[in-house]
Amino acid sequence: LKNSEAIFQGAAPLLKMIEVREVPSTDWEQLLNQGFPVPPGASFLHDFPVWDTVNFSGRAVATRGFALKDSDKYVAAAGLRFAKLRSPRGSVTIGLIGGVVADAAYQGQGLASRMIEALTAEAVARKVSGLVLWGSEHSLYQRLGFELMGVQRRISLSSVKTDAAALSGLRLGKGWTDSLWPAIESFRFLGLEISPQDRAWFASHPNVDWRWVSSPAGKILAYAAIGRGIDLPNIVHEWGGDARVLKALLATIAVDYPYGDLLVPSKDLTPSTLDLPAGIEESLCMARALDPAFPASKDLWFWGLDGA
Ligand SMILES: CC(C)(COP(=O)(O)OP(=O)(O)OC[C@H]1O[C@@H](n2cnc3c(N)ncnc32)[C@H](O)[C@@H]1OP(=O)(O)O)[C@@H](O)C(=O)NCCC(=O)NCCS
């Protein structure tokens, strides 16, 4: 990592014994499974396959994992990937940081902070417009220049008004199918651009419950995805298609998930044809703008599978 010197500036003596290098996915996976509430036998990478540097490394989505190693042991790691983000003012290149983890025995010594500083230096060298991450440790990330940004509205699924007749003569389906691609690609008006190379990780989320409606000829007319393993439980976080059909689809999901919610962008960004209730507004992510092209907070939106 060419910016590794930055990591050691001002570091505590312990950190000087630790080297930084690209981390193999298997070592990173072990750290991640210990650091996050992953059920026994499951893996963090099932819910976040984009950080799987073995199956989806540089070749596919330019995902990079970096880690700190103490003798033989990886003790902290974090990932960075680059993607194009759509916003109302056009498309910009951003860096997404995820899979940030420190071994329990090494926490509180600034290792995660050093990793994020190194990844930021890497992103700055690549001239991205900004960096985005999802994390509940707000004070940690605020110290590193990130702020809460983006607006998401959380709407109870049961409050969405629907017209059940919208589904008459149509087929309701369940589970991932590649025939979702044309619908997803034509509907994603905001969020990350899904490049052909992204398709592998996008389609390999075993814990996402996909639902869709198709015409008798098999054309997907509306789709929605709920849950993502340890993340986004009971939450519809990907959706799209014809407004009337989509709302009827959401009503069928509400039967299976009576306490389910739907995430949508701020009112200004949501298509008005959807005519959804206002819901509760909250911040979407933490971000650090690096140039003026980075979207304003109210214009920033990501779909569930974009989240790192
Ligand atoms: C979050 C985590 C990566 C921090 O690693 P670290 O090397 O201890 O972090 P640093 O030493 O650089 O910074 C410590 C800061 O992290 C913050 N922090 C750590 N754990 C936290 C927690 N559970 N809740 C809130 N803040 C937390 C604190 O603000 C702390 O700052 P302080 O010194 O003012 O108390 C580590 O605790 C971890 O691996 N947790 C499990 C995995 C995880 O939740 N990852 C983040 C989501 S992407």
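In this predicted model, a backbone N or O atom of Gln109 lies 3.3 Å from an oxygen atom of the ligand, a polar contact being a pair of N or O atoms within 3.5 Å. Local features need pLDDT of at least 70 and side-chain atom pairs count only at pLDDT 80 or more, while totals for chains, interfaces and linings use all residues of this predicted model. Residues are numbered from 1 along each chain as its sequence is written, and side-chain values use heavy atoms, with hydrogens and water left out.

- A backbone N or O atom of Val100 lies 2.8 Å from a nitrogen atom of the ligand, and a polar side-chain atom of Ser113 lies 2.5 Å from an oxygen atom of the ligand.
- Of the 18 residues around the ligand, those that come nearest are Val100, Ala102, Gly108, Gly110 and Ser113, where a residue counts as near if one of its heavy atoms lies within 4 Å of the molecule.

**Make-up of the shell**
- The shell around the ligand has nine nonpolar, seven polar and two charged residues; Ala, Val, Leu, Ile, Met, Phe, Trp, Tyr, Cys and Pro count as nonpolar, Asp, Glu, Lys and Arg as charged, and the others, Gly among them, as polar.
- β4, α5 and α6 each supply at least two residues of this shell, and α6 gives the most, with four residues; helices (H or I, at least four residues) and strands (E, at least two) are DSSP runs, numbered from the N terminus.

Methods:
A polar contact is a pair of N or O atoms within 3.5 Å; within protein, one must be able to donate a hydrogen and the other to accept it, and residues adjacent in sequence count only if both atoms are side-chain atoms.
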